[in-house]
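Please look over the sequence and the model shown here before reading the report.

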Amino acid sequence: MEIKYSDILYFRRKLLKWGKENKFNFVWRNVDNLWHALVAEIMLQRTRSDVVEPEFIKFINEYPTPHNYLIKEQPKTFKNLGLPGREQIIKDIAEVLKDKQNLKEKRDLLSIKGVGNYTAAAVRSMYFNVRDTIVDGNVVRVYSRVFGFKRSPKLYTDKSFFEFADRVTPKRNSRIFNYSLLDFGREICSPIPKCEICPLKRKCHYFKNIIKVK
Ligand code: SF4
């Protein structure tokens, strides 16, 4: 599928403008340590940000460092999120971070059990502020609709889709671009899209071919 560079530029420009006008100041966007940045990403996996926020605030107050977490007997930080299975991932992260704090490279982050491509890219982009490309459910939905990809679970791991996402991610302002992409996918191009108020509708494949022809 041939996608014009001018359409990519249009997308970036509109998305960044929307993102600058609609800032979401989640607590995890202001953390000053890798430990909390990683915990936030694990909590946010397939879980709504409004549900995560109170639990995350409790977590950072109770466990300012990996050491505080590791000395606690049987922490149950995922109980209220209904995801007790993720506790082990936090333990693995704490074990690694207690000895090593410099984990900026992707391969270092990926070496932690339970940290996958999305989490590593999100932490690099949003915590370290280095350019990286995120692909999660929001991103798959937004790009599929706007650029006309056939939506399928395979897109999450499809190499050419990732290369496309990488092409769309700008060299400058990539952190704010990624924040905007996630926020836009949650607030506007949500599972039930709010096309009427969407700044991208003029060039959106889904809007032109599905909504308008209904
Ligand atoms: S026009 Fe609708 S489908 Fe297209 S990007 Fe906007 S909200 Fe999503």
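Predicted model: local features only at pLDDT ≥ 70, side-chain atom pairs only at ≥ 80, totals over all residues.

Residues are numbered from 1 along each chain as its sequence is written.

The protein chain carries two entries in its domain assignment, with bounds that come from an automatic or database assignment, as tabulated here.

| Domain | Residues |
|---|---|
| domain 1 | 5-24 + 132-211 |
| domain 2 | 32-126 |

Taken over C-alpha atoms, the centres of domain 1 and domain 2 are 26 Å apart. Nine residues of domain 1 are in contact with six residues of domain 2, contact meaning that the C-beta atoms, placed from the backbone, lie within 7 Å.

Helix α5 (residues 87-99) has 13 residues and should span 18 Å at 1.5 Å a residue, which agrees with the 19 Å between its end C-alpha atoms; the expected span is 1.5 Å times one less than the number of residues. Ile 89, Ile 90, Ile 93, Ala 94, Val 96 and Leu 97 of α5 are buried, that is, 20 or more other C-beta atoms lie within 10 Å of their own, C-beta atoms being placed from the backbone. These buried residues pack against α2 (34-44) and α4 (66-70).

The ligand is surrounded by 13 residues, the closest being Cys 189, Pro 193, Cys 195, Cys 198 and Cys 204, where a residue counts if its C-beta atom, placed from the backbone, lies within 6 Å. To this shell, α8 (137-147) and α11 (205-211) each contribute at least two residues.

Notes:
Helix = DSSP H or I, 4+ residues; strand = E, 2+ residues; numbered from the N terminus. Buried ≥ 20, exposed ≤ 12 C-beta atoms within 10 Å, placed from the backbone. Contact = placed C-beta atoms within 7 Å.
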